[in-house]
Amino acid sequence: LELMELPVPEPGKNEVRVKVFASTINIDDIHLAEGTMFGGLPLGPKPSQRKPYIPGIDLAGIIDAVGPGVNSLRVGQEVYGICNVMQGHGPWAEYCVTRIHNVALKPELWDYKEAAACSVAGAVVASMINSVKSVANKKCLVIGASGGIGTLCVQALKQERARVWGVCSQ
């Protein structure tokens, strides 16, 4: 990783620019910053001075600008969500640009760190919970219960009254 000054990105059609207050670091961010995916598969040309890659997926911040066609969000709203990792303009920078369907309004009771931590992991867990009819009183095993997705999964399953067992590394 290298610290460098870059121009503030401009939002395009159906995009918003977010002033980032919190982001996360996960293994996918590390692989993408290296120019690989899934632990070593090359994605294409490695980042360079001329074409830097700004890592990050999860974000939380305030909308700073909106692009053409954006009617559902406005400047000043607090949001959380994700950036498209393939664009390379992630939230490890002060500002990032993302499509409007990749962000949601930040719940008032969450701080920015909590919101950023729930972006990808929260979406995965919500999808999992919504894909089953009911987990109430069912036995559920969470493999990787200490990771980002696992910790949220345990909490969501308990909220739904499941009987939960979790396993993780040492």
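**Entry 1**

I looked up Asn137 and found it in the loop between helix 3 and strand 8. Elements here are DSSP runs numbered from the N terminus: helices are H or I with at least four residues, strands are E with at least two. This is a predicted model, so I kept its thresholds in view: local features need pLDDT of at least 70, side-chain atom pairs count only at pLDDT 80 or more, and totals for chains, interfaces and linings use all residues. Residues are numbered from 1 along each chain as its sequence is written, and side-chain values use heavy atoms, with hydrogens and water left out.

Phi of Asn137 is near 65°, a positive value in a residue other than glycine. Most residues other than glycine have a negative phi. Is Asn137 buried or exposed? Asn137 is exposed, at 63% relative accessible area. My cut-offs: buried is under 20% relative accessible area, exposed is over 50%, and partly exposed is in between, with a 1.4 Å probe and protein chains only.

I then checked Asn14, in the segment before strand 1. Its phi is also positive, about 60°, although Asn14 is not a glycine. Asn14 counts as partly exposed, at 21% relative accessibility. I noted Arg161 as well: just after helix 4, Arg161 takes a positive phi of about 70°.

**Entry 2: Helix 4**

I checked the length of helix 4 (residues 148–159). The expected span is 1.5 Å times one less than the number of residues. For the 12 residues of helix 4 that should give 16 Å, and the end C-alpha atoms are 17 Å apart, which agrees.

Which residues of helix 4 are buried? I found Gly150, Cys153, Ala156 and Leu157. Seen down the axis of helix 4, the buried residues fall within an arc of 130°, so they line one face of the helix. The arc is taken from the directions from the helix axis to the C-beta atoms. The general rule I kept beside this: an α-helix has 3.6 residues a turn, so residues three or four places apart point the same way.

On the other side of helix 4, Gln155 and Gln159 are exposed. What do the buried residues of helix 4 pack against? They pack against helix 3 (119–131), strand 8 (139–143) and strand 9 (163–167).

I picked out Thr151, which is found in helix 4. Thr151 counts as partly exposed, at 31% relative accessibility. I set aside its neighbours within four places in sequence; Thr151 is then in contact with Ala145 and Ser146. Contact means heavy atoms within 4.5 Å. I also logged Thr151 against Val125: 26 residues apart in sequence, 9.7 Å apart in space, C-alpha to C-alpha.

**Entry 3: Cysteines**

How many disulfides are there? I count 0 disulfides, taking a disulfide as a pair of cysteine sulfur atoms within 2.5 Å. Cys153 is in no disulfide, and the nearest cysteine sulfur, that of Cys140, is 7.7 Å away. Cys153 counts as buried, at 12% relative accessibility. Cys168 is in no disulfide either; its nearest cysteine sulfur, that of Cys153, is 13 Å away. Cys168 counts as partly exposed, at 48% relative accessibility.

**Entry 4: Aromatic pairs**

I searched the whole structure and got 2 aromatic pairs. The rule pairs rings of Phe, Tyr and Trp (its six-membered ring) if their centres lie within 6.5 Å; planes under 30 degrees apart count as stacked, over 60 as edge-to-face and the rest as tilted.

Phe21 and Tyr112 form an edge-to-face pair, 4.9 Å centre to centre, with 70° between the planes. Phe21 lies in strand 1 (residues 15–23) and Tyr112 in helix 2 (residues 112–117), so the pair ties together parts that are 91 residues apart in sequence. Phe21 is partly exposed at 42%, whereas Tyr112 is buried at 17%.

Tyr80 and Trp110 also form an edge-to-face pair, 5.3 Å centre to centre, with 70° between the planes. Tyr80 is in strand 5 (residues 78–82) and Trp110 in the loop between strand 7 (103–105) and helix 2, 30 residues apart. Tyr80 is buried at 18%, and Trp110 is partly exposed at 29%.

**Entry 5: Charges over rings**

I ended with Lys and Arg over rings. A charge sits over a ring if NZ of Lys or CZ of Arg is within 6 Å of the ring centre and within 35 degrees of the ring normal. The charged end of Lys106 sits over the ring of Tyr112, 5.0 Å from its centre. Arg17 lies over the face of Tyr95, 5.8 Å from the ring centre.
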